[in-house]
Amino acid sequence: MLTTRFVTGAPNWLDVGTPDLDGATSFYSGLFGWRFRSAGPEAGGYGFFELDGRIVAGGMETTEEQGPPSWTVYFQAPDARAAAKASEQAHGGVVVQPAEVMDQGTVAILSDRAGVPFGIWQPGQRAGLDAAGETGALCWVELHTADIAAAAAYYRAVLGLETSAVSFPGGSYTCVNPAGEGEEAMFGGVVPLTEDPAGTDAGWLPYIAVDDADAVVARTTELGGSVGMPATDIPDGRVARLADPYGARFAVLRPAPRQG
């Protein structure tokens with residue numbers, strides 16, 4: 001499960017691009033209790049979703065030309081420019097060249113071999129999110145891709161990520177963790193599109209931890225969102241895949257109670 005002990009290759013930021021920031025704020029406030037705070041006039045409309053005064057995500061208004069409404073997962077890198085170069089060498093792309101964000105850090109948007117976009121955040125004054133791995137915050141990420149082997153090779157080359165297969169009754173799941181950190185540092189998984197019953201498009205899907213997945217699913221529809229996969233039991237908890245009223249996709253996870 002993700003924590004704020006951000007290490008190289010681990011997710012350390014999350015934000016949503018939406019055509020209606022006020023509407024998105026209303027949705028996520030009703031769903032998770034988040035509140036939106038502008039980052040100031042110099043930030044071009046960018047701001048922060050906060051829970052109990054701690055940043056759990058970012059958000060901004062985007063145009064149709066910038067792409068469909070979506071969540072972007074960012075991964076920690078010690079050198080954003082080196083990561084961009086590594087992406088090109090690994091047959092990926094650079095969507096947005098590395099750029100400094102005042103004294104906060106350096107950001108870039110890359111794309112993997114399948115064209116899936118993701119972010120890089122090289123910490124400056126800000127290491128990343130204030131909360132992770134707890135109720136109302138990012139706790140897991142999942143890559144949906146047509147070619148697990150190609151994806152694994154790309155993300156190992158660019159972010160130093162390792163994959164491993166975890167068996168469960170009826171199948172297995174490919175987990176991801178930063179190189180050298182061991183299974184305790186697992187923060188996500190990789191799912192083949194051909195085995196995805198919800199029909200999720202290729203991309204990184206962020207999971208938000210919740211106390212009651214079924215209640216969140218019901219609240220999502222009440223607030224104008226949609227349900228891609230209803231609440232479903234998995235070995236480590238109960239999950240659901242959802243979308244906000246503008247089509248930005250995300251998932252929720254109620255972790256299974258710890259044993260012992």
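Helices here are DSSP runs of H or I with at least four residues, strands are runs of E with at least two, and both are numbered from the N terminus. The model is a predicted one.

**Stop 1: the annotated range**

Now keep just residues 10–123. This stretch is 19% helix and 48% strand. Its end C-alpha atoms lie 12 Å apart.

**Stop 2: helix α2**

Select residues 80–89, which form helix α2. Which residues of α2 are buried? They are Ala 80, Ala 83, Ala 84, Ala 86 and Ser 87. These residues sit on the same side of α2, because they cover an arc of only 160° around the axis. In general, an α-helix has 3.6 residues a turn, so residues three or four places apart point the same way.

Turn to the other side of α2. Lys 85 and Gln 89 are exposed there.

**Stop 3**

Go to the start of α2 and show side chains. A side-chain oxygen of Asp 79 comes to within 3.0 Å of the backbone nitrogen of Arg 81. Now pick Gln 122, a residue of strand β8. A polar atom of the Gln 122 side chain lies 2.8 Å from the backbone nitrogen of Ala 80. Leaving aside residues up to four places away in sequence, Gln 122 touches Ala 77, Pro 78, Asp 79, Ala 80, Gly 105 and Thr 106.

**Stop 4: an open sheet**

Next, select the eight strands of an open sheet. Their order is β10-β11-β12-β9-β13-β16-β15-β14, and the pairing is mixed. The edges are β10 (161–168) and β14 (226–234), each of which pairs on one side only. On average, neighbouring strands of this sheet are turned by 25° against each other, direction ignored.

Two helices lie across strands of this set. Helix α4 (residues 213–222) lies across β14, β15 (237–243) and β16 (249–255). Its direction is at about 10° to β15.

**Stop 5**

Zoom in on β10 and strand β11 (residues 171–178). They pair in the antiparallel sense over eight bridges. Select Ser 164 to see one: its bridge partner in β11 is Cys 175. Select Thr 163 too, which stands opposite Val 176 in β11. Two residues lie between the strands of this hairpin. Gly 170 takes a positive phi near 95° here.

**Stop 6: Thr 145**

Finish in strand β9, at Thr 145. Is Thr 145 buried or exposed? Thr 145 counts as buried because its relative accessible area is 3%, and the cut-off for buried is under 20%. A polar atom of the Thr 145 side chain lies 3.4 Å from the backbone nitrogen of Asp 147. To see its surroundings, select Ala 151, Val 190, Val 191, Pro 192 and Leu 193. Thr 145 touches these residues, not counting those up to four places away in sequence.

Definitions and conventions. Residues numbered from 1 in each chain as written. Predicted model: local features only at pLDDT ≥ 70, side-chain atom pairs only at ≥ 80, totals over all residues. Heavy atoms only, no water. Buried < 20%, exposed > 50% of the residue type's maximum accessible area, 1.4 Å probe, protein only. Arc of directions from axis to C-beta. Polar contact = N/O pair within 3.5 Å; in protein donor to acceptor, adjacent residues only side chain to side chain. Contact = heavy atoms within 4.5 Å. Pairing = 2+ DSSP bridges. Axes fitted to C-alpha atoms, helices over the stretch in contact; angles between N-to-C directions.
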